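Please read the numbered points below beside the sequence and the coordinates. They are arranged by topic, so that each can be checked on its own.

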Amino acid sequence: MARDTTRNENSLYETVKTIVVALLLAGVFRTLFFQPFWIPSGSMKQTLLIGDFIFVNKMAYGYSYASCPSIPFTSITPDRLCGFIKGNNTRIFGGAPKRGDVVVFRHPVTGADYIKRLVGVPGDKLQMKNGHLILNGVRLETKDDGVFSEKMEPQGSLRRRPRCSNGAVGNGGICEKERSIETLPSGDSYATLNIIEGTRGDNTSIFSVPIGHYFFVGDNRDNSTDSRFPQVFDRSRQTGVGFVKYENIVGRADRIMFSSAGRSMFYFWTWRSDRFFKAV
């Protein structure tokens, strides 16, 4: 009997040890290499849809305080965990982001994770004029590309409904947005969406990107809070993004691993199998 008790204790010890080691390895993997990110809003449609589950490559631009993860089910945030290295706007093994990258960064006021497309690097001058992006005095090449269509229904866990350019659309109807292909000087192209002409974000002043900062916009231009709108240092109010510091960058979005159009990833009938393992 004593032998059986010892065997059971050893088995329990090995099981606990295996779980602890697995959790530690997962934590190291998440901290150093890749961070999972669930898309909660439609600001990056059609590149990223609500319910896409992506991996963010932390190695792409090196490491800063923003590379530290939050600890689930606790109040431990990146600021609390790695705040001692915050403030010098540098990175360890730092690499330079490039225009066209889809990037996750920490909002400087709220600390929330945002994901947008990088369109302005230090020294650039940018302006939105009649819905078109002007980069260093030259309007980016755009080409009409028909419409982006989706079903009018609550989307994702937040149950948000899409906004449409084809007027009021009833539940179950087809919601459309005008689609264009925008091309950067590098030749990189991506789809952008337009909902309403003449919104506040369609016409802006000229932004001069400071050294050590970057400028981001969402691909779904009329449904994105981004660098076109100033930061408001008041947590009780909705705030824009403004210029984003180099140290606030988390990493580059590289690949969609999984996608679900429903309220939960467990609703298998809402899975978008055509988006599994898709490059961003």
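This is a predicted model: local features need pLDDT of at least 70, side-chain atom pairs count only at pLDDT 80 or more; totals for chains, interfaces and linings use all residues.

1. Trp38 is partly exposed, with a relative accessible area of 30%, where partly exposed is the range between buried (under 20% relative accessible area) and exposed (over 50%), computed with a 1.4 Å probe and the protein chains only. Phe53, its ring partner, is likewise assigned to the partly exposed class, at 24%. The ring centres of Trp38 and Phe53 are 5.5 Å apart and the planes stand at 55°, so the pair is classed as tilted; rings of Phe, Tyr and Trp (the six-membered ring for Trp) pair if their centres lie within 6.5 Å, with planes under 30 degrees apart counted as stacked, over 60 as edge-to-face and the rest as tilted. Distant parts of the chain are linked by this pair, since Trp38 belongs to strand β1 (residues 34-38) and Phe53 to strand β2, 15 residues apart. Ring pairs join Trp38, Phe53 and Phe55 into a cluster, and the search of the whole structure finds 13 aromatic pairs.

2. Residues are numbered from 1 along each chain as its sequence is written, and side-chain values use heavy atoms, with hydrogens and water left out.

3. For the overall composition, the protein has 2 helices and 15 strands, taken as DSSP runs (H or I of at least four residues for helices, E of at least two for strands) and numbered from the N terminus. Of the 280 residues in the protein, 42% are buried. Among contacts (heavy atoms within 4.5 Å) with a separation of 6 or more, 62% are between residues 24 or more positions apart.

4. Which members of the largest nonpolar core touch the most other members? They are Phe37, Leu48, Ile54 and Ile115, in a core of 16 residues, a nonpolar core being a set of buried Ala, Val, Leu, Ile, Met, Phe, Trp, Tyr and Cys residues joined through side-chain atoms within 4.5 Å. At least two residues of this core come from each of β2 (52-57), β3 (102-106) and β14 (249-259), and β14 supplies the largest share, 3 residues. Another core, of 12 residues, lies apart from it and includes Leu135, Tyr190, Val209 and Val217.

5. Ile54 has contacts beyond four places in sequence with residues including Phe37, Leu48, Ile115, Ala253 and Ile256. Arg275, in the loop between β14 and β15, counts as buried at 6% relative accessibility. With residues up to four places away in sequence left out, Arg275 touches Gln46, Thr47, Leu48, Leu49, Asp52, Ile256 and Ser259.

6. The search of the whole structure finds 13 salt bridges, each defined by a side-chain nitrogen of Lys or Arg within 4 Å of a carboxyl oxygen of Asp or Glu. Lys177 and Glu150 form one, with their closest N and O atoms 2.6 Å apart; the pair links distant parts of the chain, from strand β9 (residues 174-183) to strand β8 (residues 141-151), 27 residues apart. Lys177 is buried at 1% relative accessible area, and Glu150 is buried at 11%. Salt bridges with shared partners join Lys45, Glu150 and Lys177 into one network.

7. Arg99 and Asp124 form a salt bridge with closest N and O atoms 2.9 Å apart, linking the loop between α2 (78-82) and β3 to the loop between β4 (113-120) and β5 (125-129).
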